[in-house]
Amino acid sequence: MIVKEILDIMEKIAPIKLVDKWDNCGFQIGNINKNVEAIMLTLDVAEEVVQEAISKNVDLIISHHPILFNPISEITLNDTKGKILYDIIRHDISVYSAHTNLDVCKGGVNDVLADILQLKNTKY
């Protein structure tokens with residue numbers, strides 16, 4: 001399976017049209033035609049997550065929180081964000097983020113939490 005096919009599945013689960021205006025979700029880094037053998041799911045694309053992805057030969061990281069949220073002006077090894085981005089690109093790892101769209105989609109984070117809390121009469 002290639003990245004594009006996985007993104008198509010994610011679009012069916014949590015459509016990009018559901019993303020809040022202030023959010024920055026979707027395909028953020030990588031090659032849409034890359035073959036995917038291993039996927040890692042994570043809340044945040046932190047340095048430890050990327051190092052684990054590298055050690056486990058992960059091809060695609062799917063995160064809840066986007067790694068690229070605010071504009072960046074440089075990618076260097078002088079700061080944590082730059083090092084994370086540098087490692088992701090250098091190791092040919094793709095990154096996709098589903099944040100507010102995964103929160104509000106049918107069966108998404110909000111629905112799961114409402115079920116756990118046994119909330120009744122929830123509204124969209």
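1. His99 sits in the loop that runs between strand S4 (94–97) and helix H4 (100–104). The model is predicted, with local features needing pLDDT of at least 70 and side-chain atom pairs counting only at pLDDT 80 or more, while totals for chains, interfaces and linings use all residues. Residues are numbered from 1 along each chain as its sequence is written, and side-chain values use heavy atoms, leaving out hydrogens and water. Helices (H or I, at least four residues) and strands (E, at least two) are DSSP runs, numbered from the N terminus.

2. His99 has a relative accessible area of 12% and is therefore buried (under 20%; exposed is over 50%, partly exposed in between, 1.4 Å probe, protein chains only). Residues in contact with His99 include Trp22, Cys25, His64, His65 and Pro66 (contact: heavy atoms within 4.5 Å). The side chains of His99 and Asp23 make a polar contact at 2.8 Å (a pair of N or O atoms within 3.5 Å, one able to donate a hydrogen and the other to accept it; residues adjacent in sequence count only if both atoms are side-chain atoms).

3. Asn78 lies in the loop between strand S3 (60–63) and H3. Its relative accessibility is 74%, so Asn78 counts as exposed.

4. The axes of helix H2 (residues 47–55) and helix H3 (residues 80–90) come within 10 Å and cross at roughly 20° (lines fitted to C-alpha atoms, for helices over the stretch in contact; angles run from 0 to 180 degrees between N-to-C directions). H2 and H3 are therefore roughly parallel (angles under 35 degrees). Glu47, Val50, Gln51 and Ile54 of H2 meet Thr80, Lys83, Ile84, Asp87 and Ile88 of H3.

Conventions. Parallel < 35°, antiparallel > 145°, perpendicular 65-115°, else oblique. Lists of a residue's contacts leave out its neighbours within four places in sequence.
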